[in-house]
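This report covers a loop, a ligand site and some helix packing. Please keep the sequence and the model open while reading.

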Amino acid sequence: MKHKVSIIGAGMTGSTTAHWLAEREIADLVLVDIVEGMPQGKALDLQEALPVVGKDVKVVGSNRYEATADSDVVVITAGLPRKPGMSRDDLLTTNAEIVRKAVQETIQLSPDAIFVVLTNPLDTMAYLAMKVGKLPPERVIGQAGILDSARMRAFVGMELNVSVENINCYVLGGHGDEMVPLTRHSNVAGIPLRDILPANKLEAIVSRTRKGGGEIVSLLKTGSAYYAPAAAVAQMVEAILKDKKLIVPASAYLQGEYGLKDLFFGVPVQLGSQGIEKIIEYKLDKEEQAMLLKSAEAVRQTTDALVSLVKF
Ligand code: APR
């Protein structure tokens with residue numbers, strides 16, 4: 001049976017997600033947006049591209065949620081992107097209302113769907129989605145860790161001139177400037193990064209990774225990154241639809257793991273047909289643990305701010 005994936009928000013990230021997903025030929029796609037004609041136009045354009053690349057996928061665009069009925073996965077990218085000088089948290093109240101509506105509308109039509117959330121501030125929006133949808137925690141996943149890890153992998157690749165396929169990086173923590181690139185666990189073809197790169201180069205890569213989203217925002221001036229975030233979502237959706245049991249870093253609801261509770265936070269998770277099927281706990285040293293707690297504190301503040309501003 002063919003799967004169905006609905007993407008709420010057909011802006012840069014949403015439409016690029018549709019593009020990456022169509023290439024994978026794993027589901028029919030629905031794009032929903034409030035702008036009249038835009039999701040229809042993008043869907044039709046993508047549909048017309050698919051004969052060229054030989055993919056049999058139906059792509060529908062709509063301004064109405066009815067089109068999303070019976071989706072296996074709902075991706076939420078609706079919201080405002082960051083502008084230069086804005087932090088992800090500045091988007092809190094505006095995006096909270098947008099995400100709330102997207103979840104409430106879609107959950108009625110697809111009660112069994114798994115939700116992948118991209119809208120920023122990411123960890124807090126995933127928390128909101130779980131609360132307003134009254135969803136079991138395993139069915140809400142925030143996309144951030146694959147993206148942050150991919151940025152680090154890209155920077156390591158640029159430095160060492162080695163295939164990105166050989167580079168494994170793991171970035172945990174909140175999707176903000178306090179994120180935690182785990183250099184001890186990251187490696188090139190099994191050789192720890194710390195043994196390949198001089199400390200100053202590694203530190204520069206860690207710092208650039210942490211500011212990776214902001215670097216793109218400053219360059220674009222009118223929006224935020226979309227190719228890499230969308231590619232990360234496509235990998236997550238594929239892992240779910242194909243029940244791959246793929247371990248990736250992603251934002252998950254923690255209930256005591258890593259000593260944290262009642263928080264969405266970036267940790268290694270195993271993705272399969274049930275959504276998050278397992279949260280993997282790495283053994284962290286003291287320094288890593290301290291960085292993780294610092295990052296958790298930042299996410300906690302935004303989540304608390306949301307709870308005080310928004311009724312669930
Ligand atoms: N319902 C549906 N779509 C909406 C709604 C809504 N209530 N409100 C806004 N949108 C749509 C906008 O019309 C726009 O097309 O969401 C889309 C967002 O697209 P872009 O402005 O291109 O932003 P994008 O770069 O895709 O980022 C979207 O993802 O990565 C995060 O920080 C980013 O929170 C931002 C989100």
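Pro-121 sits in the loop between strand E5 (114–117) and helix H4 (122–133). Helices (H or I, at least four residues) and strands (E, at least two) are DSSP runs, numbered from the N terminus. The peptide bond from Asn-120 to Pro-121 is cis, with omega near 0 degrees.

This is a predicted model: local features need pLDDT of at least 70, side-chain atom pairs count only at pLDDT 80 or more, and totals for chains, interfaces and linings use all residues. Residues are numbered from 1 along each chain as its sequence is written, and side-chain values use heavy atoms, with hydrogens and water left out.

**Ligand site**

The ligand is surrounded by 20 residues, and the closest are Met-12, Thr-13, Asp-33, Thr-77 and Asn-120.

| Residue | Residue atom | Distance to a ligand oxygen atom |
|---|---|---|
| Thr-13 | side-chain N or O | 2.7 Å |
| Asn-120 | polar side-chain atom | 2.9 Å |
| Leu-80 | backbone N or O | 3.2 Å |

**H1 and H2**

Met-12 belongs to a helix contact as well. In H1, Met-12, Ser-15, Ala-18, His-19, Ala-22 and Glu-23 meet Lys-42, Leu-46, Leu-50 and Val-53 in H2. Contact means heavy atoms within 4.5 Å. By class, this contact has 6 nonpolar, 2 polar and 2 charged residues. Ala, Val, Leu, Ile, Met, Phe, Trp, Tyr, Cys and Pro count as nonpolar, Asp, Glu, Lys and Arg as charged, and the others, Gly among them, as polar.

Helix H1 (residues 12–24) and helix H2 (residues 38–53) pack at an angle of about 25 degrees, their axes 11 Å apart. Axes are lines fitted to C-alpha atoms, for helices over the stretch in contact, and angles run from 0 to 180 degrees between N-to-C directions. H1 and H2 are therefore roughly parallel to each other. Angles under 35 degrees count as roughly parallel, over 145 as roughly antiparallel, 65 to 115 as roughly perpendicular and the rest as oblique.

Glu-25 lies in the loop between H1 and strand E2 (27–32). Glu-25 is not a glycine, yet has a positive phi of about 50 degrees.

**H3 and its partners**

How do the axes of H3 and H4 cross, and at what angle? They come within 9 Å and cross at roughly 40 degrees. That makes H3 oblique to H4. By class, the contact of H3 with H4 has 9 nonpolar, 4 polar and 1 charged residues.

The axes of helix H3 (residues 92–109) and helix H10 (residues 286–309) come within 11 Å and cross at roughly 65 degrees. H3 is thus roughly perpendicular to H10. In H3, Leu-92, Thr-93 and Ala-96 meet Thr-302, Ala-305, Leu-306 and Leu-309 in H10. These residues divide into 5 nonpolar, 2 polar and no charged.

Definitions and conventions:
A residue is near a molecule or strand if one of its heavy atoms lies within 4 Å of it. A polar contact is a pair of N or O atoms within 3.5 Å; within protein, one must be able to donate a hydrogen and the other to accept it, and residues adjacent in sequence count only if both atoms are side-chain atoms.
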